[in-house]
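Let's take a walk through a protein model together, one contact at a time. Keep the 3D view open and turn it as you read.

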Amino acid sequence: MATRQREDTVLETRRVKVKPPPMFKVVLLNDDYTPMDFVVAVLQKFFLLSRERATQVMLKVHREGSGVCGLYPRDVAATKVEQVKSYAKQHLHPLQCVMEEN
Ligand code: TYC
């Protein structure tokens, strides 16, 4: 009986849908006190932007209130946010950074 059942077994091939991981924007927020050159340095150091690109992003944040530094998987984005906040705090600047699901 067991043998018969095994012979009758059909293994179906099933399409396994693998979704790309959710991605998160790391967003820098404007404030009135953090020096512009410090923000540019942060964007170069933690987001590997060129000085030119970092200056553009900093000015966007300064004028519009916020700006995207980069797009990363959840754990990478969370690490960047903590690195920026900790570095700003060490330097006594109120610079804030958040992550948002894309
Ligand atoms: N607004 C700041 C100033 O005038 C500059 C600044 C830019 C601060 C971007 C934070 O995320 C920021 N010194």
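A polar contact is a pair of N or O atoms within 3.5 Å; inside the protein, one atom must be able to donate a hydrogen and the other to accept it, and residues adjacent in sequence count only if both atoms are side-chain atoms. With that in hand, look at the ligand: one of its nitrogen atoms is 2.7 Å from a polar backbone atom of Asp31. A ligand nitrogen is also 2.8 Å from an N or O atom in the side chain of Asn30, and a ligand nitrogen is 2.9 Å from an N or O atom in the side chain of His62. On its own the ligand has 340 Å² of accessible area, and the protein covers 89% of that (areas come from the Shrake-Rupley method with a 1.4 Å probe, and for residues only the protein chains shown count as cover).

Before going on, a word about what you're looking at. This is a predicted model, in which local features need pLDDT of at least 70 and side-chain atom pairs count only at pLDDT 80 or more, while totals for chains, interfaces and linings use all residues. Residues are numbered from 1 along each chain as its sequence is written, and side-chain values use heavy atoms, with hydrogens and water left out.

Who else is around the ligand? The residues there include Leu28, Met36, Val39, Thr34 and Leu95, where being near means having a heavy atom within 4 Å. Thr34 is found in the loop between strand E1 (23–29) and helix H2; helices (H or I, at least four residues) and strands (E, at least two) are DSSP runs, numbered from the N terminus. The side chain of Thr34 reaches the backbone nitrogen of Leu95 at 3.3 Å. Thr34 counts as buried because its relative accessibility is 12%. Buried means under 20% relative accessible area, exposed over 50% and partly exposed in between, using a 1.4 Å probe and protein chains only.

Now for the rings. Rings of Phe, Tyr and Trp (its six-membered ring) pair if their centres lie within 6.5 Å; planes under 30 degrees apart count as stacked, over 60 as edge-to-face and the rest as tilted. The structure holds 3 aromatic pairs. In one of them, Phe38 and Tyr87 are stacked, 5.5 Å centre to centre with 15 degrees between the planes. This pair links distant parts of the chain, since Phe38 is in helix H2 (residues 36–47) and Tyr87 in helix H4 (residues 74–90), 49 residues apart. Phe38, Phe46 and Tyr87 form one aromatic cluster. Is Phe38 buried or exposed? Phe38 counts as buried because its relative accessibility is 10%, and both Phe46 and Tyr87 are buried too.

Last stop: the charges. A salt bridge is a side-chain nitrogen of Lys or Arg within 4 Å of a carboxyl oxygen of Asp or Glu, and the structure holds 2 of them. In one, the closest N and O atoms of Glu64 and Lys60 are 2.5 Å apart. Glu64 and Lys60 are separated by about one helical turn because they sit 4 residues apart in helix H3 (residues 51–64). Glu64 counts as exposed, at 57% relative accessibility, whereas Lys60 is partly exposed at 37%. The side chains of Lys85 and Glu82 also meet in a salt bridge, at 3.8 Å from N to O, and both residues lie in helix H4.
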